[in-house]
Amino acid sequence: MDIKLENVGIAVRDLEAAIAFFTDLGLTVLGRDTVSGTWTDTAVGLDGNHANIAMLQTPDGLGRLELFEYLHPDAIETEPTQPNEIGMHRVAFSVPDLDAALEIAARHGCHPLRGVATYEDIYRLTYVRGPSGIIVMLAQDLRQSD
């Protein structure tokens, strides 16, 4: 079977705030829509769902995030995911300059969970708590020359 990753879907509390965060990091908005009806009920498995959605893409064109903000039924608030919880863990991005990416994240009130680590002189990386509590890993490949 020839399979490829289409996108990662993330439910968010505030679609505009999430779009602002991810576009400031360099993703672009491919499209936006409001979806509802029988087809979404069937696809999602949630009767009467109605959501605003946005599809974002990484600059290399290979990665996509689908962000959705539920209008109905009401979104269910949960505790933010912890790094060791089973289930959806995080979304990770390679960035050319980790310090610059962290400055962008900070403008959105998003800061490292603990600090910045270096893995075997190969990567500088950190987890930040993004919009709606999303864990976002930012990693700079130290082997890449500018």
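**The largest pocket and its surroundings**

Modeller: By class, 13 nonpolar, 6 polar and 5 charged residues make up the lining of the largest pocket. This is a predicted model. The space in this pocket comes to about 670 Å³. Its lining counts 24 residues, and those closest to the centre are Ile 10, Ala 11, Thr 78, Thr 81 and Ser 132. Two elements, β1 (8–11) and β4, each give two or more residues to that lining. The largest share is from β1, with 3 residues.

Next, the second largest pocket. About 220 Å³ of space lies there. Its lining has 14 residues; Leu 25, Pro 59, Phe 93, Ser 94 and Val 95 lie nearest the centre. Here β5 and α3 are the elements that supply two or more lining residues. The largest share, 3 residues, belongs to α3. By class, the lining splits into 10 nonpolar, 3 polar and 1 charged.

Now the packing. The largest nonpolar core holds 26 residues. Phe 21, Phe 22, Leu 67, Phe 93, Val 136 and Leu 138 touch the most other members. At least two core residues come from each of α1 (15–24), β3 (50–57), β4 (64–72), β5 (91–94), α3 (98–107) and β8 (135–141). Leaving aside residues up to four places away in sequence, Phe 21 touches Ala 105, His 108, Cys 110, Val 128, Gly 130, Pro 131 and Val 136.

Key. Residues are numbered from 1 along each chain as its sequence is written. This is a predicted model: local features need pLDDT of at least 70, side-chain atom pairs count only at pLDDT 80 or more; totals for chains, interfaces and linings use all residues. Side-chain values use heavy atoms; hydrogens and water are left out. A nonpolar core is a set of buried Ala, Val, Leu, Ile, Met, Phe, Trp, Tyr and Cys residues joined through side-chain atoms within 4.5 Å. Buried means under 20% relative accessible area, exposed over 50%, partly exposed in between (1.4 Å probe, protein chains only). Helices (H or I, at least four residues) and strands (E, at least two) are DSSP runs, numbered from the N terminus. Contact means heavy atoms within 4.5 Å. On a 1 Å grid over the protein atoms alone, a cavity is a set of points where a 1.4 Å probe fits but cannot get out, and a pocket is an open set with protein on both sides within 12 Å along at least five of seven lines; lining residues have an atom within 4 Å of a point. Grid points are joined across faces, edges and corners, and a volume is the space filled by probe spheres set on the points. Ala, Val, Leu, Ile, Met, Phe, Trp, Tyr, Cys and Pro count as nonpolar, Asp, Glu, Lys and Arg as charged, and the others, Gly among them, as polar.
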